[in-house]
Amino acid sequence: MIWLRSTLYALFLAVTVVPFALLSIVALAFPLKWRYRITLGWPRLGIWGARVIAGIRWQVKGWENLPDGPAILLSKHQSAWETMYLIGHMPRNMCFVYKRELHKVPFFGWGLAGLRMIAIDRAKGSEAFEQVVRQSQRCLDEGRWPILFPEGTRTRPGQETRYKSGGARLACRTGVPVIPIAVNSGVCWPRNSFLKHPGLITVSIGPAIPPDGLSAEELNEKVQDWIETEVRAMNPELYAR
């Protein structure tokens, strides 16, 4: 049944992405807020399809910790599920950090470019972070929330890697509080796996951590401690060692 449901879900994503890609191109003629609403329709549909077809449900803890003001979200990254969930279900428009080369991908890249998120040129080296700061400040001024995955890549449940300090450095430069987010999505949607396992994903939103009086390293450590403590509480059996 897992193979069958995973296959049906993969077909569902493949069939629905084409019309939404075309809609995203058409939406380039609209104001940004409408381009965003139209484009995020597909990740919202993807999360719905994961629940209905693959049996992947979710629950949210700490929704009240989301502020009514500027914030930078730093999230645990275990699968593609949270990239779709966070952009489609947060109360404010999100701005992902990604490499500018994605703009060259037909349809997908063109629609992505139209969302005016945070596209960086990695060939610029240290200047790339200054690009992140400038574009993140623009997003914050527009009332949007930058979101980063401090692990830098997806990690398997039970695995821990040292968090990169880019998100914490960004918070210190902009003076904006960090919202840590823990997820255990990799249990249902394993990294680099075709199979999707039915189950319950928990999204846990932590209290804001202001950068006041903290170095980037200290802030980054607080974020990592909170997130890693939370994911261990979600699945203690995976961290028994």
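I began with Lys61, which counts as partly exposed at 40% relative accessibility. Buried here means under 20% relative accessible area, exposed over 50%, and partly exposed in between (1.4 Å probe, protein chains only). I am working on a predicted model, where local features need pLDDT of at least 70, side-chain atom pairs count only at pLDDT 80 or more, and totals for chains, interfaces and linings use all residues. Residues are numbered from 1 along each chain as its sequence is written, and side-chain values use heavy atoms, with hydrogens and water left out.

**Salt bridges**

I looked up what Lys61 pairs with: its side chain meets that of Glu230 in a salt bridge (3.3 Å, N to O). Lys61 lies in strand 1 (residues 56-61) and Glu230 in helix 8, so the pair ties together parts that are 169 residues apart in sequence. For helices I take DSSP runs of H or I with at least four residues, for strands runs of E with at least two, numbered from the N terminus. Glu230 counts as buried, at 15% relative accessibility.

How many salt bridges does the structure hold? I noted 11. My criterion is a side-chain nitrogen of Lys or Arg within 4 Å of a carboxyl oxygen of Asp or Glu.

Next I checked Glu160 and Arg232, whose side chains meet in a salt bridge at 2.9 Å, N to O. This pair links distant parts of the chain: Glu160 sits in the loop between strand 5 and helix 7, Arg232 in helix 8, 72 residues apart. Glu160 is partly exposed at 41%, and Arg232 is partly exposed at 30%. Both belong to a network of salt bridges that links Lys76, Glu151, Glu160, Glu228 and Arg232.

I also logged Arg134 with Glu127, a salt bridge at 3.0 Å, N to O. Glu127 is partly exposed, with a relative accessible area of 31%.

**Core**

I turned to the largest nonpolar core, which has 62 residues. Such a core is a set of buried Ala, Val, Leu, Ile, Met, Phe, Trp, Tyr and Cys residues joined through side-chain atoms within 4.5 Å. Ile56, Leu73, Trp81, Met90, Met94, Met117 and Ile181 touch the most other members. Helix 8 (residues 216-234) gives the most to this core, with six residues.

I listed the contacts of Ile181 (heavy atoms within 4.5 Å). Leaving out residues up to four places away in sequence, Ile181 touches partners including Leu73, Lys76, Leu86, Val203 and Ile227.

**Ser185**

Is Ser185 buried or exposed? I found it buried, at 0% relative accessibility. Ser185 is in the loop between strand 6 (178-183) and strand 7 (199-205). Beyond four places in sequence, Ser185 touches Gln78, Ser79, Trp81, Glu82 and Ile201. Ser185 and Trp81 are 104 residues apart in sequence and 6.6 Å apart in space, C-alpha to C-alpha.

**Pocket**

The lining has 44 residues, and Thr83, Phe96, Val97, Tyr98 and Leu102 lie nearest the pocket centre. A pocket is an open set of points on a 1 Å grid over the protein atoms alone, where a 1.4 Å probe fits, with protein on both sides within 12 Å along at least five of seven lines; lining residues have an atom within 4 Å of a point. Helix 1 gives the most to the lining, with six residues.
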